[in-house]
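Reader: I am new to this structure. Please take me through one part of it closely, and then show me what else is worth a look.

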Amino acid sequence: MNRTTLSLLAAATALAAVTGIAALTAPAAGDTVTASAPARLPVERTSLLCPAPSVSDVAETTYTSFTPAGTAGGDAEGSAELKKAVAAPAGTETGDDEKDDDKKNGDKKNGGKDTGKDTGKGGKAKKPPAPDAPFAALKEPGKPVAAEASGADAPALVGTATGRLAPGWTAQQTTTVSVGGARGLLGMSCSAPDTNFWFPGASTGESRQDYVHLTNPDDTAAVADIELYGKDGVLKTEVGEGIPVPARSSVPVLLSTLTSEAADNVTVHVTTRSGRVGAVVHAADDKAGSDWLAASADPASRVVLPGIPADATDVRLVVYAPGQDDADLKVQLAGATGTITPAGFETLHVKSGMTAALDLADVTKGEGGSLVLSPVQSGRSTPVVAALRVVRGKGDKQEIAFIPATAPIGSRATVADNRAKGSTLSLTAPGATATVKVTASAGTGGGEPVEKTYTVKAGTTLAFTPPVPEGLKGSYALTVEPRSGGPVHAARTLVLPADGISMFTVQTLPDDRGMVSVPKAKEDLSILAD
């Protein structure tokens, strides 16, 4: 057999796998390698990043790690571990120190005094792991594991999953801060590293303290740029460019230090010049507490923002048009019985390169729903990014959360850290009717998985209490898999009452990208014969 020909064919096949080329011709006449329909294979490695959860001494954080059962990776075993990120060197942080800001805002309900210093339940401190020690190490698919940390020293985490634990791996970070300027239930699904993020819904206003957290998972430094856009376009800044993020470290950047302009509604654009980072915004409101603002889905002409709670008292839509054209959008609410156009909020005009906001008040009127944005003119589609700021409660019992636009679930999506009480799952079918399988995993401390199938009618949102594992001990994960019909968007709301306040957080469920398309090659082996 001609070894040179075989090597060339192997290289051609590898190139096809990388570039998606359908057919390649080998050097000799007639020597061809043709790629057939791509195969769907499980990923063999994936990464997740969790920011430092809080700067409050009274913060209590739970990390939950989970991989759905039923998808075997390329390794018989594999691993899934979260490890402590290295603290950024002194002087790396941009803006005022986040911990100092929290002290300035104070534990106001306690006269500015520190309470519960670095102690967990029973007064025993829950210390963060050593730098190289695994945190919430997962052992097998289908069984979530949880770990806890308390106080301001809980670290940012960098995680990698391989083998059978890689496909669909998810990690949830849930933090409760009962008092102070950062009060709230802060929840987020730890995110994958990337090079481009959009965050509509941030603020540089006097009532907000918003930080973008940049976490670098790699062994080399990354360099990031941060751009801010308000209602009139770019907010002038001279310090948002070339922000260094050291290897395997996390850097918080206070948005109000990047510009002298105070703007209530800001879109943040994070890109990297070199390397990759995880990015998420920590938003703290003087009156309504705090939560994480996750990145919006990629710009699209039709976007869905799922999971607005039924009892929302104030909802604000924030939209940004990143292209060269203005966007004219229809604003619709997909509720329990169908899609309606809220009276007085029929359309929204968004100028190119500018941020627009629309106050929708208590738009859900006691019925959970999802917002759907689409072009006013079907022939004119302008991509946008969007997010919702959602408030529940009134007066000094207000609580805030954010819902970014999210893409439909392709094959599967999972959210971890659900409790026996307090979880609501919202499924939205903006097009055709869809059938969806929902699986409640075993609990972190025990229990048997439960599966149920739901039908989501066209143009509606189905908001319901999800199934709970039999004999549940601890928390559990919910996995959502569309089975038939149109696209489905999903979100989970978690409510945990504390000191008379109904704290809440909302996480959307994008596809877990546990499967990838890999071109298959068909070889004409006759050309290899001597």
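Author: Thr439 has Glu451 of strand E34 as its bridge partner. Keep in mind that this is a predicted model.

Four strands make up an open sheet, in the order E30-E37-E32-E34. The pairing in this sheet is antiparallel. Which strands form the edges? They are strand E30 (413-418) and strand E34 (450-456). Each of these two pairs on one side only. So much is clear for Glu451 as well: its strand, E34, is an edge strand. How are neighbouring strands turned against each other? The average is 25 degrees, with direction ignored.

Next, the disulfide. The count for this model comes to 1. Cys50 and Cys190 form the link, with their sulfur atoms 2.0 Å apart. That separation lies within the 2.5 Å cut-off for a disulfide. A disulfide is a covalent bond between the sulfur atoms of two cysteines. Here the link of Cys50 and Cys190 is right-handed, with 110 degrees about the S-S bond.

What does the pair tie together? Cys50 lies in strand E3 (residues 45-50). Cys190 sits in the loop between strand E11 (184-189) and strand E12 (196-202). The link therefore joins parts that are 140 residues apart in sequence.

Are these cysteines buried or exposed? Buried means under 20% relative accessible area. Cys50 has 1%, so Cys50 counts as buried. Cys190 has 6%, and Cys190 is buried too.

Technical notes: Residues are numbered from 1 along each chain as its sequence is written. This is a predicted model: local features need pLDDT of at least 70, side-chain atom pairs count only at pLDDT 80 or more; totals for chains, interfaces and linings use all residues. Side-chain values use heavy atoms; hydrogens and water are left out. Buried means under 20% relative accessible area, exposed over 50%, partly exposed in between (1.4 Å probe, protein chains only). Two strands pair if DSSP finds at least two bridges between them. Axes are lines fitted to C-alpha atoms, for helices over the stretch in contact, and angles run from 0 to 180 degrees between N-to-C directions.
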